[in-house]
Each structure stands twice: as structure tokens, then as C-alpha cells.
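Here are my notes on this model, as numbered points. Please read them with the structure open.

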Amino acid sequence: MTINEVRFPYQDAALDIEQRVEDLLSRMDAADKAGMLFHTMVGIGDPSEGNPTFGLPSAHSMIRRRRMNHFNLLGSAPSGREFAAWSNALQRFAREDGLGIPITFSTDPRHAFSDNPLTSMFAGPFSQWPETLGFAALASPERLERFGDIARQEYLAVGLRVALHPQIDLATEPRWSRINGTFGESADLTSELVVGYIRGFMGAELGAESVSTMVKHFPGGGPQLDGEDPHFEWGKEQVYPGGEQEYHLRPFIAAIGAGATQMMPYYGKPVGTDWEEVGFGFNKDVLTTLLRDRLGFDGIVCTDWGLLTDADILGTPMPARAWGVEHLTRPERMVKALDAGIDQFGGELCTDVLLELLASGAVAEDRLDVSVRRLLREKFRLGLFDDPFVDEEHAEAVVGRADFVQEGLDAQSDSLTLLTNTDGILPLTRGVKVYAEGVASEVLAGYATVVETPEEAEGAILRIKAPFEDRDRGGFSAMFHSGSL
């Protein structure tokens, strides 16, 4: 008998959410529960085919064989309608099997320019806005709330229900490669902006018209030793010059106060603090004593991607980011993370390992139930059990809507910061001879006469990156610009 042929109490919207959670939990077997604890990538494409770039099986097999129902979407569709149609097809597949638990689709940021696909997606058909550092230049929580509201409408239209952002790390280490994803170095400004951000995506409270925000990277991923990034073994250590742990916590306290329901710890391991020197995803001092007990957070805690399993990404071997616990086996790492307070394993597929731990008694089913309740509660609050589908015509009308695009362009323009204007050279006169680097000449030609050399030019427009060391460490580490400025 399929889910479409019978009605269970958990499907009754008139019941209290806690009643629905408990009814569904009582009907789940160990495999159902284990599948809930895994949140990995899925590509927008044929759901019956795997993704060799990231070594992923097909979406269909992850849903049916591994009982998974949380997926981080890679890539995009050409239009809102096609995006929504893909989402609906996968929701139908999930509904036809077992208990019919709907899928929660999540995404990395996809409303701004990106040249690092491991930290954010290309905007594709969505409206385009400044990166978070550009919003920091605007310093307006109201403007950011407006962005969040528009992004929420576009996400909802295609079935995206969890934003794997905002990134509220503080940029106190100027060599760190991910500063562009932050709101800068000020705890005060970041704390103000994150409240507007969350309100825009969530609304007054989490509900059927909300997008849940997974705030990252607790307890603050900015103070990396020498500015190196803990995606890589050489960047695994996190330090707090001057003992400024509390300073980096302040934006997260503001986010919890604003109603954030999901949190992602970073890869790094703290050095020279009173916390255990293991990665934050394994760190009970940080996730239970600090986040749960002291700050009172009872939402979902999901690891950053790939803490347990070595992988091959973009053709490059990538060790698990199990910093401080490299010596542990994969099952031992899983037990330590669960004991620390993790609810979900990001970027992992090893449901079989968790089932073996359950069978052996190394992990109690009661412990799984604690996390499964949180995850089910979120799905119910988002209204996914009542209606997981989206209107494809509506998606076509909303995604990339003309007024949304214009507001994004206006915000980009307003976020630009003029440092100097020697002799009043700006604004340039239309038709001026310009030499350019890093700017598309066909776009610039609508405003200026593009010349081939600086000697021919009356002015130059250069779009350049911040200085960094051009290292040869292989793989996608080249996307993380690090080292001396």
C-alpha cells in the first residue's frame, strides 16, 4: 500500500505539530531515521543518473535505497519553470515510497557573482545582488531584509526551502580567502545585518511561506591561523589573538535571537583555547556546552560537508575534514560527532555506517530520535508535509522578475564604494577612450570607446582580485586565494 492510498495522523494538518512528529516517528524504522541524518548534494539533471564529478549516486537511489530526504542542489536550470518542474518530479518520487516523507531542498548562495562553485552557486535565472561584503558596505538591515524577502520568493517558487547561509564569520584575518562571503570584521554591524537577513528569508516566524536559514560557521570561522582555510589540512587550525572568542560569537547570538533554526559549525579546530582541540563538528565543548546549554539553541546542527569520508572531488583526492580526529575510524568519527551534538552529516552518504552502529549498540536509537524530531519538526513547520509541490507557471513569473532584477542591480550600484576621485575624473564622459581588463569589452562598448593599449586610452577600468600567493597545491585549492597580500 502506498502513501497515496492511506491517511496517517501525521498527515492531518489540524493536529498539533508535536503530535504529528510523534506519530510519524513511531512509524519510522531504523533505516528511515538514519536517512534523515544525511544531507548531501544532488545535481539538477536526470534523477536516475549519478553525478561523477562529486562521486554521487542517483537522486532516486539516495531517496529509495538510503531513505534520504535532505538535498543541497548543485547547478541550476535555465528557467524558473524548468527548475520547479525538476523539484516537483523528485517530490512526486519521494511521496510514492514508504512513509512519503517530503524532500527538503537546500542551496548555497545563488544571488551574486561567484568564481568558487564550492562556496556558492551561479545566479542563473535568479535576480543578482551584491555579495554579502557589498551588503556590509550598504550597512542597511532594511535593505538586506528586502533582499532576503525577494530571494525567499524566488527560492519558494522553485521549491528551495533551506538557505545554506548567511555566513556571519568575522573577517578579522585579512588573508582569509572567504572574506567576500562575510559582512566584514565588525561584530556590531554583522549582528545588525544578520537580523534583517533572517527576517527577510523567514518572515515573522518559520512557516509555510518561509525559507529556513542555516547560519554558518559556528562559533565563527574567520580567525584562521595565517588566513589559511580549513577545507585543507594546512588550514585546519583556528586561533583567537587576544582571546577574542566572545567577539566572534556575538553575531551568532543575534542570529539565535532573530529566530534562526539551523546552524552549521566550520571545519577548523580551535588552538590555544579552553575548548577541545578537535574540529567544531566533533566538539562537544562548542556544540553542547556552548551552543545548546549556554546559548539555548535547540534547532538543527548540520556539519559542514565531508567530515567523515575521504572523497574525490573534481578529480582531486580530498581527505575528510576530520581535523583533530584523523586517527579515528569513520564509525568512531560518527559516534564522536553525534556525542558532540550533531543532528545531520553534511555531504555524506554513509547511512550504512550509522545502521551498523545502531545494530551494534554503539549508538542508541533514542539518540537518533532526538535529532529526527528536530528534523521532522522543521519539515512540518515549513508545510512540506501539507504541500511539497510548487506552481511551475508561478515559478516562471517570479524567478528573475524584472523588478527584482532591477532592485538587485540598484543594490549592486549602491554598494560600490568610491575611495578617491582625483581631479574630479569621475564620472567619465560617454564615448571616452578606455582600456579595460577584467571587464567584457562588448558591455563596455555601450558606454565607451574600447582601445587595445593603455597608451591609446584616456582612462582605464581594471577589475582585479585582491593580491594572493599563486600556489600549486593541486585540485580546487586554487579557488581559495590565500597567503601574503
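1. First, a term. A cavity here is a set of grid points where a 1.4 Å probe fits but cannot get out, and lining residues have an atom within 4 Å of a point. Keep in mind that this is a predicted model.

2. How many cavities of 30 Å³ or more are there? The count comes to one. The volume of the largest cavity is about 60 Å³.

3. The lining of the largest cavity draws on His 39, His 70, Thr 104, Val 162, Gln 262, Ile 300, Gln 344, Leu 375, Glu 378, Lys 379 and Leu 382. Sorted by class, that lining has five polar, four nonpolar and two charged residues.

4. Now the surface. Leu 418, Ile 425, Leu 426, Leu 428 and Ile 461 make a nonpolar patch of about 410 Å². One of these, Ile 425, sits in the loop between α14 (402-415) and β13 (433-437).

5. The exposed class needs over 50%, and buried means under 20%.

6. Ser 413 belongs to helix α14. Ser 413 is also partly exposed, because its relative accessible area is 45%. Between the C-alpha atoms of Ser 413 and Ile 150 the separation is 18 Å; along the chain, these residues are 263 residues apart.

Methods: Residues numbered from 1 in each chain as written. Predicted model: local features only at pLDDT ≥ 70, side-chain atom pairs only at ≥ 80, totals over all residues. Heavy atoms only, no water. 1 Å grid on protein atoms, 1.4 Å probe; cavity = no way out; pocket = protein on both sides within 12 Å on 5 of 7 lines; lining within 4 Å. Points joined across faces, edges and corners; volume = space filled by probe spheres on them. Nonpolar A, V, L, I, M, F, W, Y, C, P; charged D, E, K, R; others polar. Patch = residues over 30% accessible without salt bridge, like charges linked within 9 Å, V, L, I, M, F, W, Y side chains within 5 Å. Areas by Shrake-Rupley, 256 points an atom, 1.4 Å probe, with all protein chains shown as cover. Salt bridge = Lys/Arg side-chain N within 4 Å of Asp/Glu carboxyl O. Helix = DSSP H or I, 4+ residues; strand = E, 2+ residues; numbered from the N terminus. Buried < 20%, exposed > 50% of the residue type's maximum accessible area, 1.4 Å probe, protein only.
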